[in-house]
Amino acid sequence: MMLQTQRSKKSAIIQSKKLKTVELIHSTYYELTIPKDSIIYCDPPYANTTKYKDKFDHDKFWDWCRQKAQEGHIVFVSEYNAPNDFECVWEKEITSSLTKDTGSKVAIERLFVI
């Protein structure tokens with residue numbers, strides 16, 4: 001286990017040099033200021049899955065994505081499903097399990113764009 005931890009630390013140190021120009025911001029997606037003509041990648045809480053502490057308004061989120069696309073951004077969304085005006089550009093079958101009580105779940109992870 002220690003060997004893996006050492007490798008992880010070494011890898012993080014090497015990769016951190018590439019992150020010097022990355023700006024990390026803690027914000028809700030709808031309050032975020034996005035530079036003109038950006039590529040936006042969204043990984044929202046998946047609809048109809050385990051709920052988070054805070055309620056997530058999926059309809060509001062999809063409308064926000066549409067608005068950003070109208071502003072000239074390219075918007076990608078990782079989800080199982082999306083409204084009909086979004087196009088699936090990638091998909092892969094995945095198996096996930098959060099706890100021993102829930103068992104494993106097979107689903108199709110997709111990447112959508114509008």
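Is Glu-71 buried, partly exposed or exposed? In this predicted model, Glu-71 has a relative accessibility of 41% and therefore counts as partly exposed. The side chain of Glu-71 meets that of Lys-68 in a salt bridge. The N to O distance in this pair is 3.1 Å. Lys-68 has a relative accessible area of 11% and is buried.

The salt bridges of the model number four. Asp-63, Arg-66 and Asp-85 are linked in a network of such bridges. Arg-66 pairs with Asp-63, and the closest N and O atoms of the two lie 2.9 Å apart. Both residues belong to helix H2, which spans residues 58–70. They are three residues apart, about one turn of the helix. Arg-66 also forms a salt bridge with Asp-85. Here the closest N and O atoms are 2.6 Å apart. Asp-85 sits in the loop between strand S2 (74–79) and strand S3 (87–96), whereas Arg-66 lies in helix H2, so this pair ties together parts that are 19 residues apart in sequence.

Arg-66 is partly exposed, at 22% relative accessibility. The cut-off for buried is under 20%, so the value of 22% places Arg-66 in the partly exposed class. Asp-63 has a relative accessible area of 46% and is partly exposed. Asp-85 is likewise partly exposed, with a relative accessible area of 39%.

Glu-109 has a relative accessibility of 16% and counts as buried, because buried means under 20% relative accessible area. The side chain of Glu-109 makes a polar contact with the side chain of Ser-78, at 2.7 Å. Neighbours within four places in sequence were left aside in listing the contacts of Glu-109. On that basis, Glu-109 is in contact with Ser-78, Glu-79 and Tyr-80, among others. Trp-90, Glu-91, Lys-92 and Ile-94 are also in contact with Glu-109.

The pockets of the model were examined next. The largest pocket has a volume of about 860 Å³. Its lining comprises 25 residues. Ser-27, Thr-28, Tyr-29, Tyr-30 and Leu-32 lie nearest the centre of this pocket. By class, the lining has 16 nonpolar, four polar and five charged residues. Strand S1 (39–42) and helix H2 each supply at least two lining residues. S1 gives the most, with four residues. Helix H2 thus contributes to the lining of the largest pocket and also holds both Arg-66 and Asp-63.

Helix H1 spans residues 2–16 and includes Ser-8. The relative accessible area of Ser-8 is 38%, so Ser-8 is partly exposed. Ser-8 and Glu-93 are 85 residues apart along the chain. Their C-alpha atoms are separated by 27 Å.

How values were computed. Residues numbered from 1 in each chain as written. Predicted model: local features only at pLDDT ≥ 70, side-chain atom pairs only at ≥ 80, totals over all residues. Heavy atoms only, no water. Buried < 20%, exposed > 50% of the residue type's maximum accessible area, 1.4 Å probe, protein only. Polar contact = N/O pair within 3.5 Å; in protein donor to acceptor, adjacent residues only side chain to side chain. Contact = heavy atoms within 4.5 Å. 1 Å grid on protein atoms, 1.4 Å probe; cavity = no way out; pocket = protein on both sides within 12 Å on 5 of 7 lines; lining within 4 Å. Points joined across faces, edges and corners; volume = space filled by probe spheres on them. Nonpolar A, V, L, I, M, F, W, Y, C, P; charged D, E, K, R; others polar.
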